[in-house]
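Here's a quick tour of one protein chain, written for someone new to reading structures. Take a look at the picture first, then work through the notes below.

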Amino acid sequence: MKRAFSLRTKIFLGILVPAALLCLAMALDYRNIGELGKSARLILSRNYKSIQAAQEIRQYLEDERNQLLATLVPFQPEETRRGNPGAEITRLLRICRDNVTEQGEQAVVSRLIETHDEYRRLMARLEAEAAPSPALHKELFSLAASLVSDTGDLVLINERAMEKAEKETERLAERALKESMGLLVAAILCTLAFSYLFASGVSKPLRSLAAVLSGVKEGSGTYPNIPVETRDEIGFLTSEFNRLFERLKVFDQLSADKLTAEKMKVRQAEAAKERFIADLSHQLKTPMTSLAMSVGILADQEGRISREDLHQLLETARQDCARLADLINELVSMTRLEGMGRPRAKESLDVEALVQESLRPLRHQAAERRVDLVVEVEAGLRPLAVDSLRFPWVLANLAGNAIRYTDAGGKVLIRVHEQDGRYYFQCRDTGRGIEPKYLDKIFDRFTQFYEREKSGTIGLGLAIVKEIIEQHGGDIRVESEVGKGTSFTFWVPVRQEQNGEERPDH
């Protein structure tokens, strides 16, 4: 069962037990000290008063006995007499009577009072007679001795009581000491036991957590789910580690998926590259084979070939040479553009002049294929800062592809306009179109979706086109319908960060 106490609560509860024992020890000490004080007070109030009174009675009896002796001895000094002994003894006997606390003390006090009353009567008689008899003196001395003896008994009873009270006090003190020491030892033992249990309870989950964490390897994809044994701060820390492991597991899975996708993409690119190289080799081999055959026939059958066959062979050779030249020129141009990884400094160019200059080499090709090349540039456009070498190639490549894949009598439209701080360039043709399955891969390198041997091009340009447009801060998209034509639309911002000083407007 999980515990629902925090470390602070556990520490507080653990300290509370020895603290309660210490408080109990203090309460017992207070009680025992109170009992000791009460016992001492009892000794003083109960016994000491009786002893003091008995001793004073004995002193007064001694004085009166001396007075009796004075009546028998004519020359006894008067200074030996003290006050009125009878009244003082009566007062002291009253104190003894009111302070009877011990067993047997009441009988002694009563006997003292009776004997003293008789003693006082005889003393009054002695004082009244002019010549007291020796028998009266003897009786008075006997009563005085009895009174002294009884006061001695009274003192003895109270002294024994004091000794008993003293022993009780010592017993109480010893018990108080034992109880206090016992509680202190219990508090110490409880504190030590709590400290050990608390240290074990705290260190055990921490050791388990450390042992699990020491075995975790980053990037392994396998992370433990540590059981949460407590609901305190350590349990919270364990829960947070579990959450971290879950996130790491998801991150590792995403990284693995991304790596797998990258590997797949690389394999696909390699496969596409191999197909591209094979296709390029085929495109180069076809005109080369045809050219070699034509030249071979001309060389082997020189003088035996009719004028019409000679003209046909020369025309075939000329077309094969043109196709080879186009393929080599396009490959060299793309290689040169692709090798320029770092964009050049941009120049502010007039948009209409830029478009017309980019399309000028294609007008002869459009005319030969009987394709109508139309340019529509919005009037009043501000100059555009672009790479003067790479950006025109984008327009030429898009327009060249459009002309190449548009049949005779078709139309290629180049349109430029400004909208929301962007220049939009559109290249739309009425050609054969692109199948939908190729549209999402059209800008990938080495992707093939046409019969290259019929087009006279290697088709690597669209990937470079997209890269150049993105370097200018823009983007490109394509729309196509098979049999109706294709439309490429790209945009670049009017204001762009310059990589160097702008050149004067052209």
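Let's start with helix α11 (residues 461–471), where G461, L462, A463, I464, V465, I468 and I469 are buried. Buried here means under 20% relative accessible area, exposed means over 50%, and partly exposed is anything in between (1.4 Å probe, protein chains only). Helices (H or I, at least four residues) and strands (E, at least two) are DSSP runs, numbered from the N terminus. After α11 comes G473, which has a positive phi, near 85 degrees.

Keep in mind that this is a predicted model: local features need pLDDT of at least 70, side-chain atom pairs count only at pLDDT 80 or more, and totals for chains, interfaces and linings use all residues. Residues are numbered from 1 along each chain as its sequence is written, and side-chain values use heavy atoms, with hydrogens and water left out.

**The whole chain**

- The protein chain has 506 residues, and 34% of them count as buried.
- Contact means heavy atoms within 4.5 Å. Take the contacts in the protein chain between residues at least 6 apart in sequence: 75% of these join residues at least 24 apart.

**How α2 and α3 pack**

- The axes of α2 and helix α3 (residues 105–128) come within 10 Å and cross at roughly 165 degrees. Axes are lines fitted to C-alpha atoms, for helices over the stretch in contact, and angles run from 0 to 180 degrees between N-to-C directions.
- That angle makes α2 roughly antiparallel to α3. The cut-offs go like this: under 35 degrees is roughly parallel, over 145 is roughly antiparallel, 65 to 115 is roughly perpendicular, and the rest is oblique.
- α2 passes α3 in a left-handed crossing. A crossing is left-handed if the near helix is turned anticlockwise from the far one by less than a right angle, and right-handed if clockwise.
- Who touches whom? On the α2 side you'll find G86, I89, T90, L93, C96 and R97, and they meet V109, L112, I113, H116 and R120 in α3.
- Sorted by class, this contact of α2 with α3 has 6 nonpolar, 3 polar and 2 charged residues. Ala, Val, Leu, Ile, Met, Phe, Trp, Tyr, Cys and Pro count as nonpolar, Asp, Glu, Lys and Arg as charged, and the others, Gly among them, as polar.

**How α7 and α9 pack**

- Helix α7 (residues 351–359) and helix α9 (residues 390–404) have axes that come within 9 Å and cross at roughly 55 degrees, which makes α7 oblique to α9.
- The contact brings together L354, V355, S358 and L359 of α7 with F391, P392, L395, A396 and A399 of α9.
- The residues of the contact of α7 with α9 split into 8 nonpolar, 1 polar and no charged.
- α7 passes α9 in a right-handed crossing.

**Salt bridges**

- Side chains of opposite charge can pair when their charged atoms come close. A salt bridge is a side-chain nitrogen of Lys or Arg within 4 Å of a carboxyl oxygen of Asp or Glu, and by this rule the count comes to 15 salt bridges.
- R91 and E88 form a salt bridge through their side chains (2.8 Å, N to O). The two sit 3 residues apart in helix α2 (residues 85–98), so about one helical turn separates them.
- R91 is partly exposed at 35% relative accessibility, and E88 is partly exposed too, at 26%.
- R415 and E376 also pair up in a salt bridge (4.0 Å, N to O). R415 lies in strand β4 (residues 411–419) and E376 in strand β2 (residues 372–377), so the pair ties together parts that are 39 residues apart in sequence.
- R382 has a salt bridge with E418, with the closest N and O atoms 2.6 Å apart. R382 lies in the loop between β2 and β3 (384–386) and E418 in strand β4, so this pair ties together parts that are 36 residues apart in sequence.

- Is N242 buried or exposed? N242 lies in helix α5 (residues 233–300) and counts as buried, at 11% relative accessibility.
- Leaving out residues up to four places away in sequence, N242 touches P224, N225, I226 and V228.
- E352 is in helix α7 and is partly exposed, with a relative accessible area of 42%.
- E352 and E376 are 24 residues apart in sequence and 8.7 Å apart in space, C-alpha to C-alpha.
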